[in-house]
Amino acid sequence: METSKLFLLSSSLLLVLLATRPCPSLSERCNPKDKKVLLQIKKALDNPYILASWNPNTDCCGWYCVECDLTTHRINSLTIFSGQLSGQIPDAVGDLPFLETLIFRKLSNLTGQIPPAIAKLKHLKMVRLSWTNLSGPVPAFFSELKNLTYLDLSFNNLSGPIPGSLSLLPNLGALHLDRNHLTGPIPDSFGKFAGSTPGLHLSHNQLSGKIPYSFRGFDPNVMDLSRNKLEGDLSIFFNANKSTQIVDFSRNLFQFDLSRVEFPKSLTSLDLSHNKIAGSLPEMMTSLDLQFLNVSYNRLCGKIPVGGKLQSFDYDSYFHNRCLCGAPLQSCK
């Protein structure tokens, strides 16, 4: 009888130990190579609290900031957002071969340059390295990642010219290079993207020179070139047959005759403020379904056409021009 009780007690204790001990062979989904790389990334970033769940004794498919493919169980997403994290983007990131999404965002203590190791990640579709203190150039190697649909390098300290080779990306839907310290002209190749036409966000940089002539055929949904040092004749961009909806060319040095411009009928937001634009507002603007308009601080003259949405905007949308008049400004003499 005593032997039976001892056997039952020992069996129960063994079952408890087995239940509480990790059993990778039965429960682990994460690929061991991917787990090893993730732990290298954690170590390179000095084991930040945001990665506290990255415990080598647990399944890495359940870790915070990562996702696994439901079929292959390979790591396909690394998203580190906000939190206290210092250092540079580890080269080991390039050793996650099935990564489709790579995000380091709102990490003010993330420094250094964008590592060339990212060029190995041929499956990448989305890259967001934004709101950090990354510096150095915009890497040309991004043009090798042909599956990219979204590239966001905004709100950093990147400098130097924009690589024209980015236009080789055939599937790009949006390009955000805004709020950096980029210099030089907009590449001529940006008017001729290899595939779809991406929304282009280049504002708050130090870009200079004229709009490339190739932009005559460029037809993005959104185009923001505001707060740069761009100059010349911007009118080549506009065309009645385009499908562009949102345009912001404010706070540059553009100089042309606005009265000759034919705007896309699809246009809903137009900001041309703080330039050197002359001429008058075209009558055809009354046919546009504008939700936002600002042509202030230019050299415009003549009467504001009556009709459409033009009188729905306030004084601030038109003031500080040479001799523009009519509602909502003062009456024309």
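Strand S18 (residues 269–271) runs parallel to S20, to which 3 bridges connect it; strands are said to pair if DSSP finds at least two bridges between them. Across this pairing, Ser-269 faces Phe-292 of S20. The model is a predicted one, in which local features need pLDDT of at least 70, side-chain atom pairs count only at pLDDT 80 or more, and totals for chains, interfaces and linings use all residues. Residues are numbered from 1 along each chain as its sequence is written, and side-chain values use heavy atoms, with hydrogens and water left out. Helices (H or I, at least four residues) and strands (E, at least two) are DSSP runs, numbered from the N terminus.

## Sheet order

S18 and S20 belong to an open sheet of 11 strands, ordered S1-S2-S4-S6-S8-S10-S12-S14-S16-S18-S20, with mixed pairing. Its edges are S1 and strand S20 (292–294), each of which pairs on one side only. From one strand to the next, the twist averages 10°; axes are lines fitted to C-alpha atoms, for helices over the stretch in contact, and angles run from 0 to 180 degrees between N-to-C directions.

Val-66 has Leu-78 of S2 as its bridge partner. The two strands form a hairpin with 6 residues between them, and His-73 in the turn has a positive phi of about 65°.

S2 also pairs with strand S4 (residues 101–107), here in the parallel sense and over 5 bridges. Strand S2 (residues 75–81) is mostly covered, with 5 of its 7 residues buried; buried means under 20% relative accessible area, exposed over 50%, and partly exposed in between (1.4 Å probe, protein chains only).

## Nonpolar core

The largest nonpolar core has 91 residues, and Leu-78 and Phe-142 have the most contacts inside it. Such a core is a set of buried Ala, Val, Leu, Ile, Met, Phe, Trp, Tyr and Cys residues joined through side-chain atoms within 4.5 Å. Two or more residues come from each of H3, S1, S2, S4 and strand S6 (126–132). In soluble globular proteins, nonpolar side chains tend to be buried together.

Apart from neighbours within four places in sequence, Leu-78 is in contact (heavy atoms within 4.5 Å) with residues including Ile-41, Trp-54, Cys-65, Val-66 and Val-93. Its contacts also include Leu-96, Leu-99, Thr-101, Leu-102, Ile-103 and Phe-104.

## A buried aspartate

Asp-59 is located in the loop between helix H3 (32–44) and S1. Its relative accessible area is 17%, so Asp-59 counts as buried. A polar atom of the Asp-59 side chain lies 3.0 Å from the backbone nitrogen of Cys-30. A polar contact is a pair of N or O atoms within 3.5 Å; within protein, one must be able to donate a hydrogen and the other to accept it, and residues adjacent in sequence count only if both atoms are side-chain atoms.

## Annotated asparagines

The UniProt record carries the annotation "glycosylation site" at Asn-109, Asn-133, Asn-147, Asn-157, Asn-241 and Asn-294. These positions span 186 residues in sequence, and the farthest two C-alpha atoms are 45.7 Å apart, so they do not all gather at one spot. UniProt positions are given in the numbering used here, feature names are shortened, and annotations may be inferred rather than shown by experiment.

Asn-109 occupies the loop between S4 and strand S5 (110–111) and is partly exposed at 37% relative accessible area. Beyond four places in sequence, Asn-109 contacts Gln-84, Leu-85, Ser-86 and Gly-87. Asn-147 lies in the loop between strand S7 (135–136) and strand S8 (150–152) and is partly exposed at 36%. The residues touched by Asn-147 include Lys-122, His-123 and Asn-171, and a polar atom of the Asn-147 side chain is 2.9 Å from the backbone oxygen of Lys-122.

## Backbone exceptions

Most residues other than glycine have a negative phi, and most peptide bonds are trans. Phe-155, in the loop between S8 and strand S9 (157–160), has a positive phi near 55°. Arg-227, in the loop between strand S14 (222–224) and strand S15 (229–232), likewise has a positive phi near 55°. Phe-155 is partly exposed at 25% relative accessibility, and Arg-227 is partly exposed at 40%.

A cis peptide bond joins Ala-327 and Pro-328, with omega about 10°. Pro-328 lies in the segment after strand S22 (323–325).
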